[in-house]
Amino acid sequence: MSIDLVWQYISSPAFFQGAMMTLLLTLCSLLFGIVIGLVLALLQESRFRGARGLAFVYLWLFRGTPVLFQIIFVYNVLPTFGLRFSAFTCAVLALSLNEGAYMAEILRSGLQAVKSGQRTAGMALGMTRGQIMRKIVLPQAARIVLPPMGNQMISMLKSSALVSVIAVQELLLIANQTASASFRYFEALCAAGVYYLVLTSLFMVFQSWLERSLDPKKRKRSAGKRGGLLMRALRQPTAR
């Protein structure tokens, strides 16, 4: 193993661009996946049987087939219907559709965790269903679903490596191409692994910060600690 070669790969523009492509794929797929999941979760909570049936079919379809199958299907089958997209767009579309199915279950569990009495209290105050959902239910559900959504975010980062099969220039494909040219698979894959660990670590730090920001108890505890430190600093005698 050559440490210098690993560092050379890590600092190379090709690996950095591959890591940025992986990050972009992850963020785009997560964003659209959350939107799709929220729509599906609301459909599951709907009073209309047709809406619930539509959500059930979607979840059955996308949770019952492998994500790699979905990526290849979107990339190879959609053009036969006249729908031609770039490899990146196909990758985001397939990953978003798959992620939406799992986000739907996470968001649905968060919505159901909010007690029905709070909805009743909102109706007693004259709030509409939309206002109750925006101002009462969703803010509380966000704190509940954040930890599993964080896990899905890290899982999506790793699943993005599957789009290398449709030639999207993401991190793993760059590592494989580099290793194929030099036959230094160990060093190239180690460099890719370092990038993956850095990205997942950043996601974990962001999740931890977001959990503290959304939890009022943690915010008060943090504010109390800062206030205590400030008071102790003010009480200390100044040097003459």
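Modeller: A crossing is left-handed if the near helix is turned anticlockwise from the far one by less than a right angle, and right-handed if clockwise. Before you ask away, note that this is a predicted model, in which local features need pLDDT of at least 70 and side-chain atom pairs 80 or more, while totals for chains, interfaces and linings use all residues. Residues are numbered from 1 along each chain as its sequence is written, and side-chain values use heavy atoms, with hydrogens and water left out.

Colleague: Thanks, that helps! Let me start at α1: at what angle do α1 and α9 pack?

Modeller: Look for α1 at residues 3–10 and α9 at residues 185–214; helices here are DSSP runs (H or I, at least four residues), numbered from the N terminus. Their axes, which are lines fitted to C-alpha atoms over the stretch in contact, lie 8 Å apart. With angles running from 0 to 180 degrees between N-to-C directions, the packing angle of α1 and α9 is about 50 degrees.

Colleague: Which word describes how α1 lies to α9?

Modeller: Angles under 35 degrees count as roughly parallel, over 145 as roughly antiparallel, 65 to 115 as roughly perpendicular and the rest as oblique. The angle of about 50 degrees between α1 and α9 therefore makes α1 oblique.

Colleague: And is the crossing of α1 past α9 left-handed or right-handed? Which residues of α1 make the contact?

Modeller: α1 passes α9 in a right-handed crossing. On the α9 side, the contact (heavy atoms within 4.5 Å) involves Glu187, Ala188, Cys190, Ala191, Val194 and Tyr195. From α1 come Leu5, Val6, Tyr9 and Ile10.

Colleague: How many residues of that contact of α1 with α9 are charged?

Modeller: Ala, Val, Leu, Ile, Met, Phe, Trp, Tyr, Cys and Pro count as nonpolar, Asp, Glu, Lys and Arg as charged, and the others, Gly among them, as polar. The contact of α1 with α9 has nine nonpolar residues and no polar ones. Its charged residues number one.

Colleague: Now to α2: how far apart are the axes of α2 and α9?

Modeller: Find α2 at residues 13–44. α2 and α9 pack at an angle of about 40 degrees and are therefore oblique to each other. Their crossing is right-handed, and the distance between the axes of α2 and α9 is 11 Å.

Colleague: Which residues of α9 does α2 meet?

Modeller: From α2, the residues involved are Phe15, Phe16, Ala19, Thr22, Leu23, Thr26 and Leu27. By class, the contact of α2 with α9 has twelve nonpolar, two polar and no charged residues. The partners in α9 are Ala188, Ala191, Ala192, Tyr195, Tyr196, Leu199 and Phe203.

Colleague: What about α2 and α5: within what distance do their axes come?

Modeller: α5 covers residues 87–113. The axes of α2 and α5 cross at roughly 45 degrees, which makes α2 oblique to α5. The distance you want is within 5 Å.

Colleague: How many nonpolar residues are in the contact of α2 with α5?

Modeller: α2 passes α5 in a right-handed crossing. Their contact includes six polar and three charged residues. The nonpolar residues there number 21.

Colleague: Where is phenylalanine 183 found?

Modeller: Phenylalanine 183 also deserves a look: it has a positive phi of about 60 degrees although it is not a glycine. Its place is in the loop between α8 and α9.

Conventions
Helix = DSSP H or I, 4+ residues; strand = E, 2+ residues; numbered from the N terminus.
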